[in-house]
Amino acid sequence: MICVPITARTKKEALHSIERSCQFADFIELRMDLINGGRLEEFISAARSDSDSIKIIVTCRKKEEAAPAGRTVLAKSTARNSEEKIALLKEAIGLGADFVDIELAEGQAAIKELQAFCAKHGGKTKIIISYHNLKETPVLTELKKIFHQCAKFKPAIVKMVTTARTIEDNLITLSLISYAKERSQKIISLCMGDKGDISRIAAPLMGSYLSFAAVEKGGHSAPGQFTVGEMKRINELLKSSRTVPEAPVLSMQRPQPQNYILLGNPVGQSLSPIMHNAALKQMNVEGTYSAFCVHDLRGAIQGMRAMNICGASITIPFKVAVMEYLDDVDDDALKIGAVNTIINHHGRLTGYNTDWLGLVVTIREALPIKNKTFVIIGAGGTARAAAYGIIKEGGFPMIVNRTLKKGEILSRKLNCPFYSLAEIGKIKADCLINTTPVGMYPKDKSPVKAAIPGNYKYVVDVIYNPIKTKLLKDAQKQGCGIISGLDMFVNQGAGQLRLWTGKEPPRALMKKIISERLNQIEE
Ligand code: NAP
């Protein structure tokens with residue numbers, strides 16, 4: 001449900017704004033701390049005559065908790081102290097407002113007085129107890145404490161609004177929604193500020209009671225607010241991309257949406273969201289997959305637990321660091337020393353690695369791995385996953401790396417030969433695998449000279465953007481079989497979906513979607 005805050009400066013503007021909002025919104029919030037002139041009675045009766053169904057919230061925000069989005073001057077008529085404010089809220093109750101909003105900071109005595117007054121007037125008006133932090137998002141334990149301080153008064157709604165300084169702050173504040181739901185407490189929870197946009201979209205989907213939107217640009221009551229039109233367009237888009245199950249659901253209970261996330265930094269260019277969302281839809285799994293650019297990994301994992309996110313993909317640079325925040329790490333991931341997938345099983349987070357399997361499945365489709373020799377360029381996370389998979393399948397890896405020390409350490413661990421990148425011309429094998437980022441879009445480069453692929457029957461590049469890297473073009477000219485990172489990308493993603501849902505993912509569709517997007521990028 002959408003609530004439009006009425007923040008107009010004058011009585012005339014406020015009445016106009018009420019009239020317009022009543023056409024589009026479910027709720028209006030009369031911000032009596034911002035409107036200059038006019039009486040509460042006039043505004044409430046104007047709203048009632050404009051709409052039969054509009055719900056009215058009356059608020060007189062404390063200066064310390066008001067975020068007037070650039071407006072620093074509060075209305076002259078604003079109640080100057082708590083007594084005047086409580087009197088105004090009592091007037092709203094007397095006038096039949098649907099809700100009054102009182103800040104937790106007003107204190108127990110004021111809240112109880114207002115509750116008693118409400119009860120005396122038949123209890124038609126409900127109470128919202130609110131907390132606004134204009135500076136930051138406190139840590140989750142602190143926010144939960146504040147939530148409990150609000151909830152102990154048993155209000156109709158608890159409102160918790162913080163300021164997002166980082167993207168992870170959204171995860172913290174949004175996690176209060178499921179926390180409140182588990183306690184049968186209605187809640188409005190979101191983040192203000194530019195970095196809080198995502199919470200304004202996600203909160204209503206997660207069950208936040210209301211979202212706030214301005215009736216037109218510039219009419220917002222807090223930084224980051226969308227307009228009603230923008231909110232409706234976003235909601236329609238999200239609804240149209242969600243799956244309606246074709247077969248009737250057997251259980252009487254509606255299944256909970258299965259939400260998944262990608263944690264990395266950067267993630268802006270990632271193609272995982274379009275691939276996973278299309279696959280989830282095709283698999284009839286109601287849920288979403290969204291990317292988060294993470295600055296505080298610990299906070300992000302905490303948020304994942306609190307929001308009961310079903311699973312996560314982990315990408316650069318967190319594949320190793322994430323392991324210390326998990327409850328379990330599967331044997332393969334532990335041996336590789338990197339996690340790219342997390343499953344949340346009733347709050348217990350387990351780490352897996354599907355990169356190695358993605359690569360093995362991809363290579364196996366072209367050549368058997370057993371007893372074959374493989375030269376791996378690189379000694380990072382993907383090289384470790386590739387070597388692990390090859391050994392597990394009975395093949396023989398050799399490591400070639402730019403930094404000698406890193407290459408030597410890995411080859412000692414794997415008990416396999418090591419060569420410097422300068423020596424690669426001396427080696428021959430069945431297959432060459434590039435696991436370095438050299439050749440990634442937009443650079444048309446190869447980690448080795450153009451003639452080198454001639455020493456191999458097959459050449460694999462783990463890079464998938466572009467689909468055909470310079471290394472693969474050189475290899476094709478030398479008559480080698482070539483394998484693009486696109487198949488590995490699809491196969492590691494399919495591995496994640498299989499782990500999360502237990503169902504077989506639509507690999508052909510996933511590959512089609514990614515190829516189309518990559519072709520668009522290259523055009
Ligand atoms: P990483 O841990 O940072 O390792 C990168 C390796 O590449 C290092 O050994 C590094 O050598 C080497 N390297 C980097 N720049 C180089 C250069 N200019 N010349 C020579 N060697 C260079 O990275 P990662 O996680 O393994 O990822 C590597 C690539 O794999 C990325 O492009 C990633 O997108 C891709 N990937 C693809 C898939 C897929 O599904 N297709 C899955 C996972 C990863 P030094 O030791 O000398 O620094």
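This is a predicted model: local features need pLDDT of at least 70, side-chain atom pairs count only at pLDDT 80 or more; totals for chains, interfaces and linings use all residues.
I looked up tyrosine 260 and tryptophan 500 among them. Their ring centres are 4.6 Å apart and the planes meet at 20°, so I noted the pair as stacked. Tyrosine 260 belongs to strand E10 and tryptophan 500 to helix H16 (residues 485-501), so this pair ties together parts 240 residues apart in sequence. I checked burial for both: tyrosine 260 and tryptophan 500 are buried.

I then turned to tyrosine 464 and phenylalanine 489. This aromatic pair is also stacked, at 4.2 Å centre to centre and 20° between the planes. Tyrosine 464 sits in the loop between strand E20 (458-461) and helix H15 (470-477), while phenylalanine 489 is in helix H16, so the parts tied together are 25 residues apart in sequence.

I noted one aromatic cluster made of Phe27, Phe99 and Tyr209. I also found arginine 183 over the face of tyrosine 179, 3.6 Å from the ring centre.

I went back to strand E10 for its sheet. The sheet is open, with 6 strands in the order E11-E10-E12-E14-E15-E13 and mixed pairing. Strands E11 (289-293) and E13 (328-329) are at the edges with a single partner strand each, so one side of each has no neighbour in the sheet. E10 (residues 260-264) pairs with E11 in the parallel sense over 5 bridges, and glycine 264 is opposite cysteine 293 in E11. I saw helix H9 (residues 272-282) lying across E10, E11 and strand E12 (311-314), at about 160° to E11.

Note on methods: Residues are numbered from 1 along each chain as its sequence is written. Side-chain values use heavy atoms; hydrogens and water are left out. Two strands pair if DSSP finds at least two bridges between them. Helices (H or I, at least four residues) and strands (E, at least two) are DSSP runs, numbered from the N terminus. Contact means heavy atoms within 4.5 Å. Axes are lines fitted to C-alpha atoms, for helices over the stretch in contact, and angles run from 0 to 180 degrees between N-to-C directions. Rings of Phe, Tyr and Trp (its six-membered ring) pair if their centres lie within 6.5 Å; planes under 30 degrees apart count as stacked, over 60 as edge-to-face and the rest as tilted. Buried means under 20% relative accessible area, exposed over 50%, partly exposed in between (1.4 Å probe, protein chains only). A charge sits over a ring if NZ of Lys or CZ of Arg is within 6 Å of the ring centre and within 35 degrees of the ring normal.
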